[in-house]
Amino acid sequence: MKKTFLAFATVSTLVLFSCKDKAKEGSADSTTSSTEQTASGSDTKAATNEPKTYKVTFSPDTLYLGKGKELFVKIKNAKAVALQDPDGKSEGIEFTYDLELTNKNPVGGNSVFFTPGDSRLTLDNGNNITQYTGVGNGVDAESTKDITGITYNIPAGAKPKALNLFHDGTRVAVAVTVE
């Protein structure tokens, strides 16, 4: 009985692996040839479907906030992507960045809570807009935390000019350049 079961298991395993190898070989050949055929024809189409991205720079990209300059802020990972409807008409820009917050209070001191919802993005047309997404974060004394995914939806025909950050009765304006 044991010999029969062992022989059956061995034969089943061999059949299983031999079928998989043949299927992989056949599918690999057909996949490669179809990929080669479609790649040359779709290069121009894929390039036109890619959203337009802009280079974003902040000046300065680091700053202090708070009456006692207890919060050190670094702006990073900024990106701007053009939004378009299916017809190609501009619907504005999605502007996203991250913040790295460092609490400069000594150990045993107060924690700091920063809310990006209090910040304002000044546009080149003079309007100020608030964030679309992003949440605040508390930072313990002598520690660093990140706030990621702060997003603004900029209306069509406008570009950001300055980012105004607020904390503890202080305000710092950071110049924004989108190219």
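These are my notebook entries on a predicted model of one protein chain.

**Entry 1. Overall make-up**

I began with the secondary structure of the protein chain, which comes to one helix and 12 strands. Reading along the sequence, I noted the pattern α-β-β-β-β-β-β-β-β-β-β-β-β. The chain has 179 residues, and 28% of them count as buried. For the accessible surface I noted about 11,500 Å², with 53% of it belonging to carbon and sulfur atoms. I then looked at contacts between residues at least 6 apart in sequence; 63% of these join residues at least 24 apart.

**Entry 2. The open sheet**

Which strands form the open sheet, and in what order? I found five strands in the order E2-E12-E11-E7-E8, with antiparallel pairing. The edge strands are E2 and E8 (128-129), each of which pairs on one side only.

I went through two of the pairings. E2 (residues 56-59) is joined to E12 (residues 170-178) by four bridges, and the two run antiparallel. In this pairing Val56 stands opposite Val178 of E12. E11 (residues 160-167) is joined to E12 by six bridges, again antiparallel. Here I noted His167 opposite Thr170 of E12.

**Entry 3. The hairpin turn**

E11 and E12 form a hairpin with two residues between them. Asp168 lies in this loop. I checked its backbone: phi of Asp168 is near 50°, a positive value in a residue other than glycine. Is Asp168 buried, exposed or partly exposed? Asp168 counts as partly exposed because its relative accessibility is 37%, which falls between the limits of 20% and 50%.

**Entry 4. Two other loops**

I looked for another residue with a positive phi and noted Lys69, a residue other than glycine with phi near 50°. Lys69 lies in the loop between E3 and E4 (71-84). With a relative accessible area of 56%, Lys69 is exposed.

In the loop between E2 and E3 (62-65) I found Pro60. The peptide bond joining Ser59 and Pro60 is cis, with omega about -5°.

**Entry 5. The nonpolar core**

I turned to the largest nonpolar core, which has 31 residues. Which of them touch the most other members? The list is Phe58, Ile75, Phe95, Tyr97, Leu99, Leu163 and Leu165.

I followed up Phe95. Leaving aside its neighbours within four places in sequence, Phe95 is in contact with Val56, Phe58, Lys79, Ala80, Leu121, Ile150, Thr151, Tyr152, Ile154, Pro160, Val176 and Val178.

**Entry 6. Gly92 in strand E5**

Gly92 is found in strand E5. Gly92 is buried, as its relative accessible area is 4%. I listed what Gly92 touches, not counting residues up to four places away in sequence: Val81, Ala82, Leu83, Ile154, Pro155 and Ala156. Gly92 and Ile154 are 62 residues apart in sequence, yet their C-alpha atoms are 5.4 Å apart in space.

**Entry 7. Asn103 in strand E5**

Asn103 is also placed in strand E5, which covers residues 90-103. Is Asn103 buried or exposed? Asn103 counts as buried because its relative accessibility is 1%, under the 20% limit.

I then asked which residues Asn103 is in contact with, leaving aside its neighbours within four places in sequence. They are Glu70, Asn110, Ser111, Val112, Val139, Asp140, Ala141, Glu142 and Ser143. For Asn110 I noted a polar pair: its backbone oxygen lies 3.0 Å from a polar atom of the Asn103 side chain.

Conventions. Residues are numbered from 1 along each chain as its sequence is written. This is a predicted model: local features need pLDDT of at least 70, side-chain atom pairs count only at pLDDT 80 or more; totals for chains, interfaces and linings use all residues. Side-chain values use heavy atoms; hydrogens and water are left out. Buried means under 20% relative accessible area, exposed over 50%, partly exposed in between (1.4 Å probe, protein chains only). A polar contact is a pair of N or O atoms within 3.5 Å; within protein, one must be able to donate a hydrogen and the other to accept it, and residues adjacent in sequence count only if both atoms are side-chain atoms. Contact means heavy atoms within 4.5 Å. Accessible areas come from the Shrake-Rupley method with a 1.4 Å probe; for residues, only the protein chains shown count as cover. A nonpolar core is a set of buried Ala, Val, Leu, Ile, Met, Phe, Trp, Tyr and Cys residues joined through side-chain atoms within 4.5 Å. Two strands pair if DSSP finds at least two bridges between them.
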